Amino acid sequence: MFNLLLSPVDTQRVIDATIDTIVLLLVSGIISLVLGTITGFILALYGKNRPHEKKWVAYTLSVLVSVIRSIPFILLMVIIVPISFRMFGTSIGFIPSIISLSIIGFATVSRQVEQAIADINPQIYDLSKSLGANQFQLFRHFIYVEAKAGLILGYTTSLISLLAYSTVVFIVGGGGLGYTAIQLGYYTPNGQEIMWVSTIIMIIMVQIIQILGSMLARYLDKKKRN
């Protein structure tokens with residue numbers, strides 16, 4: 001279908017950009033989900049008036065997450081550029097893009113996980129304590145069971161946010177559909193077609209993520225009720 005709108009050269013550019021976007025989303029998404037989930041659990045369980053109160057740990061992480069979320073993403077990328085150069089010897093391309101996306105993704109997932117756990121019935125903590133559950137058993141048999149549908153919805157929201165953030169990483173040479181839509185599309189006199197095709201692909205990707213996330217969350221919620 002896109003061949004009817006784009007030249008073969010532009011079609012290949014959009015295909016390459018789509019692959020770049022998927023790779024950026026997968027790599028940064030995995031890093032964000034792992035680090036964000038751990039941090040979110042700590043924020044939810046170790047904060048003030050929480051089951052395992054260690055306020056200084058939760059407060060420190062909460063400030064870190066809030067500071068990251070307060071920085072506009074474009075400025076965050078600019079801040080990361082010299083750090084990426086010192087650590088990896090490169091200031092443009094895939095590495096600084098992944099670092100930037102992973103940092104903002106980590107902060108987003110942390111808050112989503114914290115909120116998902118905060119929404120579960122607090123009586124499960126008393127129940128787990130009365131049954132003598134340790135912290136791993138509390139997570140595996142109580143928190144995970146109660147919060148997994150909410151966690152899936154939080155992960156879905158975070159992945160869609162990451163996809164949106166990925167549209168501007170071309171500023172540091174990250175490529176992706178943002179590059180084809182803006183640089184090759186919007187800023188080019190005859191680039192309307194490539195801009196719209198890139199935008200449509202982004203819309204389709206968001207819809208796929210949202211539909212799959214919602215279906216999985218409904219399935220897990222229904223399974224829990226049964």
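A nonpolar surface patch of about 780 Å² is formed by Ile15, Ile19, Val23, Ile79, Ile83, Met87, Phe88, Phe94 and Ile95. A patch here joins residues with over 30% relative accessible area and no salt bridge, with like charges linked within 9 Å and nonpolar side chains (Val, Leu, Ile, Met, Phe, Trp, Tyr) within 5 Å. The accessible areas come from the Shrake-Rupley method with a 1.4 Å probe, and for residues only the protein chains shown count as cover.

Keep in mind that this is a predicted model, in which local features need pLDDT of at least 70 and side-chain atom pairs count only at pLDDT 80 or more, while totals for chains, interfaces and linings use all residues. Residues are numbered from 1 along each chain as its sequence is written, and side-chain values use heavy atoms, leaving out hydrogens and water.

Which helices supply at least two residues each of the nonpolar patch? They are H2, H4 and H5, and the largest share, 4 residues, comes from H4. Isoleucine 83 is located in H4.

| Helix | Residues |
|---|---|
| H4 | 73–88 |
| H5 | 94–118 |

The protein has 9 helices and 0 strands; both are DSSP runs numbered from the N terminus, helices (H or I) of at least four residues and strands (E) of at least two. Its C-alpha atoms fill a box of roughly 70 × 45 × 25 Å along the principal axes.

H2 (residues 8–46) also packs with H8 (residues 177–186), at an angle of about 135° and with axes 7 Å apart. That makes H2 oblique to H8, the class left after under 35 degrees (roughly parallel), over 145 (roughly antiparallel) and 65 to 115 (roughly perpendicular). On the H2 side, Arg13, Val14, Ala17, Thr18 and Thr21 meet Leu177, Thr180 and Leu184 of H8, contact meaning heavy atoms within 4.5 Å.

Aspartate 10 forms a salt bridge with arginine 13, their closest N and O atoms lying 3.1 Å apart. A salt bridge needs a side-chain nitrogen of Lys or Arg within 4 Å of a carboxyl oxygen of Asp or Glu.

How values were computed
Axes are lines fitted to C-alpha atoms, for helices over the stretch in contact, and angles run from 0 to 180 degrees between N-to-C directions.
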